[in-house]
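Reader: I would like to learn how to read a model of this kind, feature by feature. Could we look at it together, taking the general idea before each case?

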Amino acid sequence: MTPYDEISFGSHPDRPYTFINMVATVDGKAVDPGTRQAPSGGPHDRQAFLALRAHADVLIYGATTGKDVPPEEFLDADFQAARKKAGRDPLMKFVLLSHGGHLSTADKIFGNPDFTPIVYVPEGVELELKNADVRHAGRGGGLDVAAIVQELKRDGADIAICEGGPTTNEPFLRDGLIDEFFLTVSPRILGGNAVLTAVEGEVLPPERGKLELVSAEPAGDEVFLRYRVSVK
Ligand SMILES: NC(=O)c1ccc[n+]([C@@H]2O[C@H](COP(=O)([O-])OP(=O)(O)OC[C@H]3O[C@@H](n4cnc5c(N)ncnc54)[C@H](OP(=O)(O)O)[C@@H]3O)[C@@H](O)[C@H]2O)c1
């Protein structure tokens with residue numbers, strides 16, 4: 001059992017109800033400088049993040065993190081069964097955001113013909129990728145994340161999860177597109193200088209960063225925090 005097995009969400013008429021899910025250490029680090037991966041949450045964290053994924057129609061990632069996600073995670077029979085139980089399409093939609101610079105056909109996420117990620121790049125950027133649905137949104141080198149989520153809603157996505165990384169989270173928060181923020185506190189202290197935290201980039205306007213606690217659930221040495229982004 002995880003705190004999120006029976007979770008439910010709100011809705012919006014013109015965009016998916018959208019939440020971020022991240023893990024961070026007790027000293028606030030979202031990347032382990034030793035492995036360059038997310039700090040391991042622990043035995044309960046993987047179950048919790050799979051439960052959250054099972055309840056969303058679409059998973060959004062920045063290119064740096066998302067290109068290395070194994071597509072087989074989404075084709076797994078147990079995961080697809082959990083999605084079906086949650087009332088979702090067994091095959092999760094996967095969206096990768098990029099300015100165009102760092103993607104290639106050799107990236108892991110494009111490695112399975114049974115899985116077709118959607119890749120958004122700005123207008124004018126042409127990408128040749130196998131097993132990918134390449135789309136355009138935004139001009140002048142930047143992506144329009146609001147236009148992207150509206151298009152995803154028109155495609156039938158009612159619930160979206162953004163798993164980062166930290167650079168990707170910021171424009172969604174800045175544009176007021178995030179409804180909830182889930183954080184797993186990993187029972188570790190890493191130390192280090194200039195190590196990424198859960199949100200990186202521009203300083204947010206104060207009203208975009210206000211949170212209300214919805215739940216706080218310990219499991220072993222981990223803590224699962226669920227916050228609503230306050231619009232007051
Ligand atoms: N703790 C956690 O829960 C967690 C979760 C996820 C990731 N991580 C860690 O975070 C690190 C990577 O994070 P990161 O912040 O450097 O990278 P990231 O957010 O994964 O990806 C950033 C890249 O995504 C693309 N991108 C994102 N938003 C965009 C936008 N609005 N417009 C255009 N392109 C956009 C750009 O790709 P292009 O360069 O192709 O233009 C950008 O360079 C990794 O070490 C990973 O393991 C931790």
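Reader: What percentage of the 232 residues of the chain count as buried?

Author: A residue is buried if 20 or more other C-beta atoms, placed from the backbone, lie within 10 Å of its own, exposed if 12 or fewer do, and partly exposed in between. Here 38% of the 232 residues count as buried. This is a predicted model, in which local features need pLDDT of at least 70 and side-chain atom pairs count only at pLDDT 80 or more, while totals for chains, interfaces and linings use all residues. Residues are numbered from 1 along each chain as its sequence is written.

Reader: Which residues have the most contacts inside the largest nonpolar core?

Author: In soluble globular proteins, nonpolar side chains tend to be buried together. A nonpolar core is a set of buried Ala, Val, Leu, Ile, Met, Phe, Trp, Tyr and Cys residues joined through C-beta atoms within 7 Å. The largest one has 53 residues, and those with the most contacts inside it are Val58, Leu59, Ile60, Val95, Ala160 and Ile178. Its largest share, 5 residues, comes from β1, a strand being a DSSP run of E with at least two residues and a helix one of H or I with at least four, numbered from the N terminus.

Reader: Which element gives the most to the shell around the ligand?

Author: A residue is near a molecule if its C-beta atom, placed from the backbone, lies within 6 Å of it. Of the 31 residues that surround the ligand, the closest are Gly62, Thr65, His99, Gly165 and Thr167. α6 gives the most, with 4 residues, and β1 (17-25), α2 (63-66) and α6 (166-174) each supply at least two.
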